[in-house]
Amino acid sequence: QVRLVESGGGLVQPGGSLRLSCAAFGSISSMYSMAWYRQAPGKQRELVARITNDDSTNYADSVKGRFTISRDGAKNTVYLQMNSLKPEDTAVYYCNALLSAILARPTTYWGQGTQVTVSS
């Protein structure tokens, strides 16, 4: 059984910073990519940033230059450094991983979500 555990959300003022972390636990054979999505009230879930196992990254246009995704492959952990936060970044942020558990096919897993609120 694989599970993703997120941490680091909270309340921050506009212009502030937060760092999200997500660790994957379980019998993991191969990790292909990890990503962060977010969902604001009344909106669809959207990709924020993704990093692959060769450290290739891609970002939503709305966060380019402000957010940085990174990973620790040895710990199956992904981070999202969020700087210059804006009220429109307020959302529940979800960790996502494409991986293979031992003796299993590649499967997408989701974390439980962590709330990020940007407000003065």
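Biologist: In the hairpin of E5 and E6, which residue takes a positive phi?
Modeller: This hairpin leaves 4 residues between its strands. Strands here are DSSP runs of E, at least two residues long, numbered from the N terminus. The residue there with a positive phi, near 70 degrees, is aspartate 55.

Biologist: Before we go on, what pLDDT do local features need?
Modeller: Residues are numbered from 1 along each chain as its sequence is written, and side-chain values use heavy atoms, leaving out hydrogens and water. This is a predicted model, where totals for chains, interfaces and linings use all residues, side-chain atom pairs count only at pLDDT 80 or more, and local features need pLDDT of at least 70.

Biologist: Is aspartate 55 buried, exposed or partly exposed?
Modeller: Most residues other than glycine have a negative phi. Aspartate 55, in the loop between E5 and E6, is a residue other than glycine with a positive value. Buried means under 20% relative accessible area, exposed over 50%, and partly exposed in between, using a 1.4 Å probe and protein chains only. Because its relative accessibility is 47%, aspartate 55 counts as partly exposed.

Biologist: Which residue in E6 stands opposite isoleucine 51?
Modeller: E5 and E6 (residues 57-59) pair in the antiparallel sense over 3 bridges. Two strands count as paired if DSSP finds at least two bridges between them. Opposite isoleucine 51 stands threonine 57.

Biologist: How many bridges join E4 to E9?
Modeller: In this pairing, isoleucine 28 stands opposite alanine 101 in E9. The two strands run antiparallel, and the number of bridges joining them is 10.

Biologist: Which side chain makes a polar contact with the side chain of serine 100?
Modeller: Serine 100 lies in strand E9, and its 5% relative accessibility makes it buried. Leaving aside neighbours within four places in sequence, its contacts (heavy atoms within 4.5 Å) include Ile28, Ser30 and Arg105. A polar contact is a pair of N or O atoms within 3.5 Å; within protein, one must be able to donate a hydrogen and the other to accept it, and residues adjacent in sequence count only if both atoms are side-chain atoms. At 3.1 Å, the side-chain partner of serine 100 is tyrosine 32.

Biologist: What is the relative accessible area of leucine 103?
Modeller: E9 and E10 are joined by 5 bridges and run antiparallel, with asparagine 96 paired to tryptophan 110 in E10. Their hairpin has 4 residues between the strands, and leucine 103 takes a positive phi near 65 degrees there. Leucine 103 sits in the loop between E9 (91-101) and E10 (106-110). It is exposed, because its relative accessible area is 88%.

Biologist: Which residue in E11 stands opposite alanine 91?
Modeller: E9 and E11 (residues 114-118) pair in the antiparallel sense over 3 bridges. Opposite alanine 91 stands valine 116.

Biologist: How many residues apart are the two cysteines of the disulfide?
Modeller: The whole structure has 1 disulfide, a term that means a pair of cysteine sulfur atoms within 2.5 Å. Cysteine 22 and cysteine 95 form it, with their sulfur atoms 2.0 Å apart, and with -85 degrees about the S-S bond the link is left-handed. It ties together distant parts of the chain, cysteine 22 being in E3 (residues 18-25) and cysteine 95 in E9, and the separation is 73 residues.

Biologist: Are cysteine 22 and cysteine 95 buried or exposed?
Modeller: E9, the strand of cysteine 95, is mostly covered, with 9 of its 11 residues buried. Cysteine 22 and cysteine 95 are both buried.
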